[in-house]
Amino acid sequence: MTLTLAPLIAFAVLAVASVACAAGAPQVAIDQIGSLAVIQQNGTGNHASIDQSNGSGDATLDQNGAGNSADVTQSGSGFGHATIGQDGAANVANLVQSGGSNTLVLGQSGTGNQASLQQTSAPGGGNVALIGQAGAGNSASLAQTGDDNTALQTQIGDGDAQSLVQNGDNNFAAYSQIGNNLPDLAIRQSGGMSITIIQTGSPFGGH
Amino acid sequence: MAGAAFAGNDNSATISQIDSYNSASVTQGGSDNQATVVQSQGAFGAQRNPSNISNSDQEGENGSLSVIQVGNNSSSISQLDGSSNEIALVGQSNNFNSSTISQAGSSEFAVVNQEEGTGNSASIVQHGTGDGANGPQSGAVRAGPDLWRNENVPSDSVLAGAITGSTDYGPVGAIVDQQGFNNSGAINQRGLDNFADVSQGNQDGSANNIASISQSSSVMFSDAVTYQDGQNNIASINQSGSGPDYSIAWQIGNSNQAYTTQSHGSNSSVIEQGASGLGTYGNAVPTPGTPVTSDYASVDQSGGGDSSHLQQTGSEDTGLVTQSGANSTSTITQGGSFNTAVVHQ
């Protein structure tokens with residue numbers, strides 16, 4: 001099987017990397033242990049769901065097409081890692097992580113995509129989220145609860161919306177939007193805080 | 001009615017009945033016995049009068065039994081007390097045939113071949129231990145490093161291995177090969193190192209068939225293979241031994257259902273619905289076929305350290321994988337639209 005989400009994930013990672021490195025974001029170490037689930041769907045109107053509750057879990061979900069939906073739930077006591085790639089319009093991704101420590105990589109390419117993401121780590125654990133969206137009219141909502149939260153979010157497109165809530169100690173957020181007609185930025189942090197925000201008009205023109 | 005009864009060793013019995021409404025009974029005790037029952041009423045594939053009955057009982061070692069029937073027939077073979085290294089071969093054509101084979105020893109081999117008919121049923125029960133050598137089956141289709149499926153070509157000999165071009169078979173295991181509609185093939189095995197194969201259809205528009213394989217009670221290192229070509233088929237594989245066991249279910253058609261249940265850990269399951277052409281998991285078809293739709297697949301693995309690969313090529317398919325043990329791996333690949341994939345771990 002050849003996964004095609006690699007370009008999306010590469011986009012998500014690279015898009016936030018420059019901001020993260022400049023801001024001194026912590027390094028993320030990901031170990032592959034526990035359960036592994038991989039779903040790949042090519043087409044429209046598909047639905048994928050991964051539910052991992054046993055120890056550590058690693059979930060990879062790749063959807064190519066429009067109108068797809070993805071749900072990922074990870075609640076094991078160990079380490080939870082999720083990678084979600086959606087290429088197409090009007091896709092929806094929902095994620096809930098409540099393990100010991102959680103990491104997320106999300107890449108969406110297309111218009112009108114939505115992502116709703118919640119990460120809650122155990123005491124002493126941490127959350128890391130790398131989010132990238134390319135296209136107009138996308139929205140991403142991220143809530144992190146726990147110690148050592150890190151959020152790296154990048155959107156490229158007009159009218160994209162983001163929201164971020166971080167509760168806990170040692171929070172870090174790197175937040176980048178490139179596009180026009182951006183809505184009001186919504187960020188709420190509690191605990192030790194650090195944030196970098198970049199908002200700029202599209203270098204490709206636009207309204 | 002014809003009957004033959006032998007209590008010694010190295011006996012041979014041949015019964016030929018070229019008529020309808022016949023009954024044949026063979027009982028052989030001792031070792032190295034052979035029996036052949038032919039109730040053919042003519043050439044294979046021809047419609048003939050029904051209702052021949054064959055009952056055979058071999059109780060020694062190294063015996064072999066062959067039953068060939070054309071018509072609405074029934075065959076019953078028992079190779080039970082003190083038996084091992086025995087062979088049972090049944091070939092039936094036309095409609096509403098039934099075959100039952102019971103083998104209790106080790107290293108047993110059973111084949112039921114039912115072709116060019118509908119409403120046939122085959123049941124094989126093996127409670128002994130295999131020898132782990134599941135091949136070779138020249139002319140069979142290989143599935144991965146270990147698993148093969150057997151399938152005769154249409155209009156070939158009723159009996160496997162009888163003429164050139166038909167299926168050769170391995171030394172042990174149970175094989176059911178059926179073509180047509182509304183057939184059922186069931187294999188029940190206990191022990192270890194067993195091999196079971198149910199193949200239904202061969203590009204002949206077969207439909208509404210049921211394939212069932214159960215490998216239970218102390219089974220491990222056992223292989224189960226099902227192949228169904230057509231629509232509205234159901235495949236069920238249940239491996240509940242101490243593992244590791246392996247299974248592959250192929251379904252080439254619409255509205256098929258496949259169910260795999262494995263327990264006790266370190267098991268492997270592959271389900272392919274539609275010919276992807278990828279050959280990733282031993283697909284027999286080198287080029288992609290027409291995507292098939294509305295299929296359903298379910299995998300339930302409860303031991304831990306299990307692996308599941310599910311591939312569905314068309315639309316409106318559903319794939320459900322439940323792995324309740326730790327350190328398991330699940331892969332679902334779906335092409336087409338309006339599919340649903342669910343993984344519970």
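This is a predicted model: local features need pLDDT of at least 70, side-chain atom pairs count only at pLDDT 80 or more; totals for chains, interfaces and linings use all residues.
For the complex, the predictor gives an ipTM of 0.82 and a pTM of 0.85. In chain B the average pLDDT is 79, and 77% of the residues score at least 70. Two stretches of chain B call for caution. Across residues 152-169 of chain B the pLDDT is below 50, although this stretch has 53 contacts in the model beyond near neighbours in sequence. Residues 279-286 of chain B also have a pLDDT below 50, with 21 contacts in the model beyond near neighbours in sequence.

The contact between the chains involves 24 residues from chain A and 23 residues from chain B. On the side of chain B that touches chain A, strands β26 (329-335) and β27 (340-344) each supply at least two residues. The largest share of that side, 7 residues, belongs to β26(B).

Strand β2 (residues 47-52) of chain A and β27(B) run parallel and are joined by 5 bridges. Within this pairing, D51(A) has H344(B), in β27(B), as its bridge partner.

Is N180(A) buried, exposed or partly exposed? N180(A) counts as partly exposed because it has 16 C-beta neighbours inside 10 Å, and a residue is buried only with 20 or more and exposed with 12 or fewer. N180(A) and V72(A) are 108 residues apart along the chain, and their C-alpha atoms are separated by 31 Å.

Note on methods. Residues are numbered from 1 along each chain as its sequence is written. Chains are lettered from A and ligands numbered from 1 in the order in which they are written. Two residues are in contact if their C-beta atoms, placed from the backbone, lie within 7 Å. Helices (H or I, at least four residues) and strands (E, at least two) are DSSP runs, numbered from the N terminus. Two strands pair if DSSP finds at least two bridges between them. pLDDT is the predictor's confidence in each residue, from 0 to 100.
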